[in-house]
Amino acid sequence: MISRSINSTDCLKRNTPSEGVLWLPLHDKEKIIEKVASLKSQEIQRIRVGINCKNFHDAEGKLWYDWLIPFLGKRFDMILTFEADFETQGKKSSCNYSFFEMVEHFTIKNDSYFDTIELRRSALYHTPKNLFSDPLVFSAIWAKSMGIKVILGNIQNKDFEWVNRIIRFRLIDYFDFMEINKEEEDSWSANTNHYEKTLMHLLDKSGCRTALRVSAKPMISLKLYDSEFVTQKSISAMG
């Protein structure tokens with residue numbers, strides 16, 4: 001792990017630009033080394049690394065990530081991003097393990113390389129009726145017990161009912177930060193400011209300490225190869 005002059009969550013303040021997530025190709029060390037050199041040449045110090053469920057459950061996926069995370073963690077201040085999209089009701093999963101088991105693997109084995117994780121709801125995420133069995137909530141409780149900070153990411157207006165419930169039951173206390181996704185919002189995007197104020201009111205009224213912030217456009221845009229879709233996509237990071 002690099003010697004950090006700035007903690008990975010020190011910059012997660014309201015209206016501070018959020019770093020984009022790096023979704024890196026699988027089993028391609030040469031390309032990873034090339035991208036790390038590119039990031040370093042742009043003096044980027046902090047990155048968010050996306051953990052892909054499909055890649056994690058590849059035949060050698062765990063071994064790949066067990067190499068990748070230490071490699072990146074020694075060179076950057078790092079946040080791991082997990083997106084819960086394979087728990088969707090009626091959708092057959094290609095994953096052999098639960099979302100929680102994937103988070104558990106990284107927080108037990110590689111937590112010396114990061115002190116913060118981000119848990120995200122995808123567009124098709126299915127919310128269990130029992131909030132305590134919700135993969136994001138359960139994973140957040142686990143991470144906090146391990147002394148790891150947790151970001152609840154990619155929150156949009158359509159998530160209001162779910163967010164209101166976890167605030168009401170004080171499960172939001174297991175999240176240090178909550179980020180409203182302003183960049184990928186739907187037709188209600190014009191109401192993001194009102195949404196932010198409403199959530200701030202709910203948090204204050206409930207006595208919750210979770211910090212709220214709105215994501216902004218990242219400051220540096222990079223071209224990274226996405227192996228899963230065999231295309232090039234614009235990924236962003238912030239230094």
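Are Phe 56 and Tyr 65 buried or exposed? Phe 56 is buried, and Tyr 65 is buried too. The views below come from a predicted model.

**Figure 1. The whole chain contains seven helices and nine strands.** The chain has 239 residues, and 50% of them count as buried. Consider the contacts between residues at least 6 apart in sequence: 78% of these join residues at least 24 apart. The close-ups that follow show selected parts of this chain.

**Figure 2. Phe 56 and Tyr 65 form a tilted aromatic pair.** In all, the structure holds ten aromatic pairs. In this one, the ring centres of Phe 56 and Tyr 65 lie 6.4 Å apart. The angle between the two ring planes is 40 degrees, so the pair is classed as tilted. Both Phe 56 and Tyr 65 are buried.

**Figure 3. Phe 82 and Phe 99 form an edge-to-face aromatic pair.** The ring centres of Phe 82 and Phe 99 are 6.4 Å apart. Their planes stand at 85 degrees, and angles over 60 count as edge-to-face, so the pair belongs to that class. Phe 82 sits in strand β3 (residues 77-84), while Phe 99 sits in helix α4. The two residues are 17 residues apart, and the pair links distant parts of the chain. Phe 82 has a relative accessibility of 0% and therefore counts as buried. Phe 99, at 0% relative accessibility, also counts as buried.

**Figure 4. Five aromatic residues form one cluster.** Its members are Phe 56, Tyr 65, Phe 82, Phe 99 and Phe 106.

Figure 5. Helix α3 spans residues 61-73, and helix α4 spans residues 99-109. Their axes come within 11 Å and cross at roughly 40 degrees. The crossing is right-handed. On the α3 side, the contact is made by Lys 62, Tyr 65, Asp 66 and Ile 69. On the α4 side, His 105, Phe 106 and Lys 109 take part. Sorted by class, the contact has three nonpolar, one polar and three charged residues. Tyr 65 and Phe 106, both part of this contact, also belong to the aromatic cluster.

**Figure 6. His 27 has a positive phi.** The value is about 55 degrees, although His 27 is not a glycine. His 27 lies in the loop between β1 (21-22) and α1 (29-41). Its relative accessible area is 39%, so His 27 is partly exposed.

**Figure 7. Glu 43 also has a positive phi without being a glycine.** Here phi is about 60 degrees. Glu 43 is found in the loop between α1 and β2 (46-51). Its relative accessibility is 66%, and values over 50% count as exposed, so Glu 43 is exposed.

**Figure 8. Gly 20 and Arg 48 are 28 residues apart in sequence.** In space, the distance from C-alpha to C-alpha is 6.6 Å. Gly 20 belongs to the segment before β1. At 13% relative accessibility, and with buried meaning under 20%, Gly 20 therefore counts as buried.

Notes:
Residues are numbered from 1 along each chain as its sequence is written. This is a predicted model: local features need pLDDT of at least 70, side-chain atom pairs count only at pLDDT 80 or more; totals for chains, interfaces and linings use all residues. Side-chain values use heavy atoms; hydrogens and water are left out. Axes are lines fitted to C-alpha atoms, for helices over the stretch in contact, and angles run from 0 to 180 degrees between N-to-C directions. Helices (H or I, at least four residues) and strands (E, at least two) are DSSP runs, numbered from the N terminus. A crossing is left-handed if the near helix is turned anticlockwise from the far one by less than a right angle, and right-handed if clockwise. Contact means heavy atoms within 4.5 Å. Ala, Val, Leu, Ile, Met, Phe, Trp, Tyr, Cys and Pro count as nonpolar, Asp, Glu, Lys and Arg as charged, and the others, Gly among them, as polar. Buried means under 20% relative accessible area, exposed over 50%, partly exposed in between (1.4 Å probe, protein chains only). Rings of Phe, Tyr and Trp (its six-membered ring) pair if their centres lie within 6.5 Å; planes under 30 degrees apart count as stacked, over 60 as edge-to-face and the rest as tilted.
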